[in-house]
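Here are my notes on the model, as numbered points. They begin with charged pairs and move on to the interfaces, the domains and the core.

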Number of protein chains: 6
Amino acid sequence: MPLPPIEQADATPEVRAVYDDIKAARNVPDVNNFWKAVAHHPPTLARTWESLKEVMAPGALDPLVKEMIFVAVSVTNNCQYCIRSHEAAARRLGMTDAQFGELIAVVGMANETNRLAVGYQVELDERLK
Amino acid sequence: MPLPPIEQADATPEVRAVYDDIKAARNVPDVNNFWKAVAHHPPTLARTWESLKEVMAPGALDPLVKEMIFVAVSVTNNCQYCIRSHEAAARRLGMTDAQFGELIAVVGMANETNRLAVGYQVELDERLK
Amino acid sequence: MPLPPIEQADATPEVRAVYDDIKAARNVPDVNNFWKAVAHHPPTLARTWESLKEVMAPGALDPLVKEMIFVAVSVTNNCQYCIRSHEAAARRLGMTDAQFGELIAVVGMANETNRLAVGYQVELDERLK
Amino acid sequence: MPLPPIEQADATPEVRAVYDDIKAARNVPDVNNFWKAVAHHPPTLARTWESLKEVMAPGALDPLVKEMIFVAVSVTNNCQYCIRSHEAAARRLGMTDAQFGELIAVVGMANETNRLAVGYQVELDERLK
Amino acid sequence: MPLPPIEQADATPEVRAVYDDIKAARNVPDVNNFWKAVAHHPPTLARTWESLKEVMAPGALDPLVKEMIFVAVSVTNNCQYCIRSHEAAARRLGMTDAQFGELIAVVGMANETNRLAVGYQVELDERLK
Amino acid sequence: MPLPPIEQADATPEVRAVYDDIKAARNVPDVNNFWKAVAHHPPTLARTWESLKEVMAPGALDPLVKEMIFVAVSVTNNCQYCIRSHEAAARRLGMTDAQFGELIAVVGMANETNRLAVGYQVELDERLK
């Protein structure tokens with residue numbers, strides 16, 4: 001029942017222009033299923049691509065760190081598609097097995113200590129207020 | 001009604017030993033409220049501190065990246081105490097305002113695109129299987 | 001290992017009575033798997049059906065709006081079964097592709113700005129207190 | 001801006017009847033703020049109280065175990081009001097400090113290993129399918 | 001320790017231009033704290049405002065329905081600031097107490113049945129695949 | 001694309017020692033896929049096993065109650081692997097169908113009332129502060 005992916009050949013000119021920009025920016029022969037799904041709502045396709053391009057660009061944080069943060073959020077939200085696509089992106093940017101192992105270890109510990117802090121209803125220290 | 005923090009002076013020797021190790025490792029005069037709360041269950045105090053020390057140590061990822069991942073998870077889980085204490089830790093390690101701004105922007109976008117992927121029930125691309 | 005669905009033929013009279021009420025209310029030949037699973041605990045089956053019937057009935061909000069709210073929560077919780085069954089219900093009530101597209105766009109933006117508000121630890125405005 | 005609690009004196013007869021039932025069932029002089037808030041929508045007040053009474057009654061699980069499960073969910077969802085009220089209920093039913101400590105420790109570990117399982121995208125073992 | 005809100009008088013021209021656009025679009029004398037916080041990262045301020053303006057505009061769904069969906073997500077994510085600001089926006093658009101009561105009731109039921117579907121690991125019905 | 005499970009025959013001595021300890025402690029012929037995945041980061045394997053062994057051991061709470069709490073968290077987080085493996089563990093410890101039914105019912109109600117408390121922004125009662 002999920003909406004079928006919209007392939008380039010079936011896309012409106014508006015959608016095709018976004019696909020072309022994604023393919024050029026990422027140097028890939030085809031956009032992935034995420035974009036082909038979101039294309040069912042062209043304004044969301046265009047807006048999301050523009051936003052993602054801006055947010056994930058090199059800046060004060062390097063792109064690999066950004067992809068690892070993306071994985072951390074996606075694991076916490078349990079989004080399979082997002083984990084796999086952003087883990088793949090991080091690996092293309094050079095993430096090693098050791099870095100991935102540490103990333104997941106930090107995500108695990110953060111989720112544990114988040115619950116300890118909440119479970120004990122810890123009050124903010126003066127210096128954190 | 002939350003359990004009162006256990007101060008060093010009132011701690012058992014077992015708890016005090018952990019407090020001393022935290023203070024030495026972090027070079028701080030007192031442990032923060034998180035540890036004084038968890039100290040109500042001494043095995044959790046000892047285990048959590050040992051784990052955190054291991055996980056957050058410099059390794060394949062540098063400590064600042066680890067603290068930023070910790071913030072990303074804590075924001076996604078909406079844990080106020082955790083956000084503030086790990087943002088403070090990241091700033092002590094040199095996180096700039098620009099880096100914090102980009103960190104939160106990535107966390108925001110990841111939470112948005114996670115929901116788009118789930119909302120459209122996007123199928124895994126062949127190359128991601 | 002999940003418990004097998006309880007089919008009408010194998011159901012106790014208590015469970016069958018609930019199935020019959022669901023089929024009559026929805027004008028369908030068979031109840032769906034959700035009910036056949038929850039039927040393993042008959043009090044939960046009866047209570048959940050009574051509650052859902054009451055909550056989703058036309059009232060101050062129309063049923064389509066209620067189904068769209070159900071989808072919004074299910075996407076945020078990442079419950080595949082719930083997304084698909086309530087998206088189907090919304091479409092039966094007339095939800096168009098354009099409405100679905102806007103629904104998912106709002107869900108995405110809300111999840112993003114929720115994290116921005118939490119990440120920046122925004123204080124309540126006076127007028128919101 | 002939150003709606004003010006509806007006190008017994010200002011309640012409609014319909015709401016008052018629910019309050020009276022809660023006070024009798026729990027042997028308390030007044031209902032707590034949760035009920036006084038939900039009372040703004042009387043059908044939700046009545047339905048929620050009936051459901052909670054049924055679900056939390058002694059059965060195959062004893063009431064203390066049920067309250068601890070309630071705390072576990074509330075900590076994972078980060079609902080302050082829910083944590084405090086159900087921790088209080090668990091303590092009235094005899095939960096000791098040691099039991100509370102172990103409860104929170106399990107909640108923490110479960111949240112950690114949940115993320116490890118998701119982060120590594122662990123495949124179901126044959127025996128779990 | 002949260003970053004202080006950036007007031008109009010202290011804002012850069014870039015930030016001020018966004019503030020002016022928000023004030024004009026909403027016909028309010030001042031922007032609220034959300035924008036004054038996000039303004040610490042001007043690209044996020046500009047992008048978020050442009051996105052929100054586009055997503056929340058009247059379209060296939062009316063603005064009140066969109067605000068109620070926003071509240072539903074914010075309640076599920078437990079974001080206090082977001083709940084209060086979007087509940088206020090929904091009330092300005094005409095949401096009645098009865099509508100708010102039904103909205104919260106649906107959000108509650110959806111969160112309950114989401115967990116029942118997941119807890120019983122309900123298989124997708126053929127017609128939902 | 002998920003990392004392949006590391007089988008005993010291919011494991012380093014360090015990893016094999018953990019596998020041997022798990023098999024002995026649980027009296028099983030092979031460890032399950034969770035451990036074979038986490039083994040890609042040996043320090044996380046060793047630490048997680050030591051922690052889990054400590055946390056889940058009989059103590060102030062009996063092991064069945066601990067496994068049910070684990071299931072409650074896993075359902076709330078929507079972690080399929082975790083639900084199935086800990087439901088299986090609970091059943092090995094004697095959980096009956098009736099107990100499972102009540103467990104899921106409590107998890108469902110807790111998720112519902114958590115959202116009611118948050119949706120109405122219920123203030124803490126004096127006695128809960």
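1. Asp30(A) is partly exposed, because its relative accessible area is 35%. This is a predicted model. Its salt-bridge partner is Lys36(A), with an N to O distance of 2.7 Å. Lys36(A) is at 5% relative accessibility and so counts as buried.

2. Chain E has a salt bridge between Lys36(E) and Glu7(E), at 2.9 Å from N to O. Lys36(E) sits in helix H2 (residues 33-38) and Glu7(E) in the segment before helix H1 (13-26), so the bridge ties together parts of chain E that are 29 residues apart in sequence. Lys36(E) is buried, with a relative accessible area of 5%. Glu7(E) is partly exposed, at 32%. In chain A, salt bridges with shared partners link Glu7(A), Asp30(A) and Lys36(A) into one network.

3. Which chains does the pair Arg47(B) and Glu54(F) join? Arg47(B) belongs to helix H3 of chain B and Glu54(F) to helix H3 (residues 42-56) of chain F, so the bridge connects chains B and F. The N to O distance is 3.6 Å. Arg47(B) is buried, at 8% relative accessibility. Glu54(F) is partly exposed, with a relative accessible area of 41%. Arg47(B) also forms a salt bridge with Glu112(A), at 3.2 Å from N to O. Side chains of opposite charge can pair when their charged atoms come close. Over all chains, the search of the whole structure finds 66 salt bridges.

4. Next, the interface of chains B and A. Chain B contributes 63 residues to the contact, and chain A contributes 63 residues. The buried area is about 5,500 Å², and carbon and sulfur atoms give 71% of it. The interface has four salt bridges. It also has 26 residue pairs in polar contact, both residues at pLDDT 80 or more. On the chain B side, helices H2 (33-38), H3 (42-56), H4 (63-77), H5 (80-92) and H6 (97-119) each supply at least two residues. H6(B) gives the most, with 17 residues.

5. Now chains C and F. Here the contact takes nine residues from chain C and twelve residues from chain F. About 760 Å² is buried, with 58% from carbon and sulfur atoms. Met1(C), Leu3(C) and His41(C) supply 57% of the area that chain C buries against chain F, more than any other three residues.

6. How is chain A divided? Domain 1 covers 1-57 and domain 2 covers 58-129. Their centres, taken over C-alpha atoms, are 26 Å apart. Each domain puts seven residues into the contact. The area buried between them is about 570 Å², of which carbon and sulfur atoms give 64%. Five residue pairs are in polar contact, both residues at pLDDT 80 or more. On the domain 1 side, helices H2 (33-38) and H3 (42-56) each give two or more residues. H3(A) gives the most, with three residues. No salt bridges are counted between these two domains.

7. Last, the core. The largest nonpolar core holds 294 residues. Leu103 of chains A, B, C, D, E and F touches the most other members. Beyond its neighbours within four places in sequence, Leu103(E) contacts Leu61(C) and Ile69(C) in chain C, and Met68(E), Val71(E), Ala72(E) and Met95(E) in chain E.

Note on methods
Residues numbered from 1 in each chain as written. Chains lettered and ligands numbered in written order. Predicted model: local features only at pLDDT ≥ 70, side-chain atom pairs only at ≥ 80, totals over all residues. Heavy atoms only, no water. Core = buried A, V, L, I, M, F, W, Y, C linked by side-chain atoms within 4.5 Å. Buried < 20%, exposed > 50% of the residue type's maximum accessible area, 1.4 Å probe, protein only. Contact = heavy atoms within 4.5 Å. Domains from an automatic or database assignment. Buried area = accessible area lost by both parts, 1.4 Å probe. Salt bridge = Lys/Arg side-chain N within 4 Å of Asp/Glu carboxyl O. Polar contact = N/O pair within 3.5 Å; in protein donor to acceptor, adjacent residues only side chain to side chain. Helix = DSSP H or I, 4+ residues; strand = E, 2+ residues; numbered from the N terminus.
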